[in-house]
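Student: Could you take a close look at one part of this model for me? I would like to see where the two chains meet, and what lies around that place.

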Amino acid sequence: MARRKAQPQETTARQAKLAELRAQEARRRRQMSIVMAAIGVVLVVIVGFIIAKVVTTSSSTPAASQAAAKVVKAATTVPPSAFDKVGTGAAQAAPQPISGNHSLTADGKPKVLYVGAEYCPYCATERWAVVAALSRFGTFSDLGTTRSSSTDVYANTATLSFHGASYSSRYLSFAGYETQDRQNLPLDQLPPEDKKVFQKFDFPPYTQSEGSIPFVDLGGKYMIVGASYDPSVLQGKSHLQIAQAMNDPNSDIGKAVDGTANLITARLCQLTGQQPGAVCKSPGVTAAAKAMSGS
Amino acid sequence: MDRTTPEVHVPAWAIPTSLVVCGLGLLDAAYLTFEHYTASTTLACSETATVNCLRVTTSSYADVLGIPFAVLGVVFFLGMGLLCLPAAWRRPGRPLRLLRVAGAVVGVLVALYLVWVELFRLDAICLYCTGVHVLTFVLFVVVALGSAAIVDETLASEREYDGST
């Protein structure tokens, strides 16, 4: 049987094909290495995130910061079920409408302006509710902890501080100023536009007394002057005890703080067009809105 | 003439796995989109201090340039679903393959950004969002490994034709 001898052209083509297949195999191996490295990088980043999160919330931070973080976390994450069970609770006052057609906005969103001071016991009282309410619309960063003056009424009331804090929300803007610390030393200065609002609306005819604090302006439509619940419920309690009690709708603090927060939230919902619905249509907030419409 | 037509050999697992992942991702993102446009009134998620979907989905980080990330998720999984159809996987040449890999890379980068936001900005985890992030990562792995394992004989024949190596 005669064997056909491979033609030189056929042999060259076969060799070229073989070389190409080898090159493709090498390319594939190289690509696979790159892919495995890329997957590895993504996994390392994810593990890095988790480790960084664990480290920042545990051993590396000072005990005081950890305690403060625990307080802020508890105060800003009160479960909806607690708000719903409390309704208006033990709140004694609701944000009052501002007469006239005013509006206070920033970045295209209704703005909440808080003016207070760290020494002031009524500010110390009101802040818990303001923080609880605003946390339903957005996120605070760098909230601090402090106590009211040791020489004033309701001395040493444990509270949060807006000094140095920031707030981000899709629905609202917020500016909080603590004009003095607990030793009555100067702290935050109001920028001209906020000072103008404060000096206009925290004075007669809008209020009975001049420049009282805490002063909270809700979008130029509603305002709070003074504490909206009895400050004595906070007396003798630590920051953590108060923050944890806010999560308990059966506690006196929960009834007072969450009830006030529901009233503030209901007013804020009027500013945001009832957004977010999950907050504004919740039983606690609708109960508060109903109570205010009936009052 | 007994030369067979050059083919694109795709790993058997790549097509069904990528399609299933895209389908699940699409469902998850569609649910988050529905919740976004219905004001999150029916968001079925626990609201503890750590796991809190509402806190995440209604945060200021929930959209970019006015477009909700949930909507971008739907667009992403729809687009990737099209790029992961059998015909697309088996299409000869590099452009579609590169587009699929680029899409998966963009997806995983966005997912990493959103995980960072949840952990370090919002201090809250949204379970449905985490589902989307996990599916995006799985899709990245499937697309990357599947694309690297493709044997494309047409490229060999093109080079042969070009005389290139």
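**Where chain A meets chain B**

Tutor: The contact draws 31 residues from chain A and 28 residues from chain B. Keep in mind that this is a predicted model. Start on the side of chain A. Helix 1 of chain A gives the largest share, 17 residues. Sorted by class, this side of chain A has 15 nonpolar, nine polar and seven charged residues.

Now cross over to chain B. Look at helix 5 of chain B, residues 95-122. Helix 5 of chain B has 28 residues. From its first C-alpha to its last it reaches 39 Å, close to the 40 Å expected at 1.5 Å a residue. Which residues of helix 5 of chain B are buried? They are B:Arg97, B:Arg100, B:Val101, B:Ala104, B:Gly107, B:Val108, B:Ala111, B:Leu114, B:Val115, B:Glu118 and B:Leu122. What covers them comes from both chains. Chain A's part includes helix 1 and strand 4. Chain B's part includes helix 2 (53-57), helix 3 (69-83) and helix 6. Just after helix 5 of chain B, B:Asp123 takes a positive phi of about 55°.

Helix 6 of chain B, one of those covering elements, spans residues 127-148. Helix 6 of chain B has 22 residues and reaches 31 Å from first C-alpha to last, close to the expected 32 Å. Helix 6 of chain B is mostly covered, with 16 of its 22 residues buried.

Along the sequence they follow the pattern β-α-α-β-β-α-α-α-α-β-α. Of the 165 residues in chain B, 38% are buried. Take the contacts in chain B with a separation of 6 or more: 80% of them join residues 24 or more positions apart.

Finally, return to chain A for a pair of packed helices. Helix 4 (residues 121-134) and helix 7 (residues 252-271) of chain A pack at an angle of about 50°, with their axes 8 Å apart. Helix 4 and helix 7 of chain A are therefore oblique to each other. Their crossing is right-handed. Helix 4 of chain A brings A:Trp128, A:Ala129, A:Val130, A:Ala132 and A:Ala133 to the contact. Helix 7 of chain A brings residues including A:Val257, A:Asp258 and A:Leu268. By class, this contact has nine nonpolar, two polar and one charged residues.

Conventions: Residues are numbered from 1 along each chain as its sequence is written. Chains are lettered from A and ligands numbered from 1 in the order in which they are written. This is a predicted model: local features need pLDDT of at least 70, side-chain atom pairs count only at pLDDT 80 or more; totals for chains, interfaces and linings use all residues. Axes are lines fitted to C-alpha atoms, for helices over the stretch in contact, and angles run from 0 to 180 degrees between N-to-C directions. Helices (H or I, at least four residues) and strands (E, at least two) are DSSP runs, numbered from the N terminus. Angles under 35 degrees count as roughly parallel, over 145 as roughly antiparallel, 65 to 115 as roughly perpendicular and the rest as oblique. A crossing is left-handed if the near helix is turned anticlockwise from the far one by less than a right angle, and right-handed if clockwise. Two residues are in contact if their C-beta atoms, placed from the backbone, lie within 7 Å. Ala, Val, Leu, Ile, Met, Phe, Trp, Tyr, Cys and Pro count as nonpolar, Asp, Glu, Lys and Arg as charged, and the others, Gly among them, as polar. The expected span of a helix is 1.5 Å times one less than its number of residues. A residue is buried if 20 or more other C-beta atoms lie within 10 Å of its own, exposed if 12 or fewer, and partly exposed in between; C-beta atoms are placed from the backbone.
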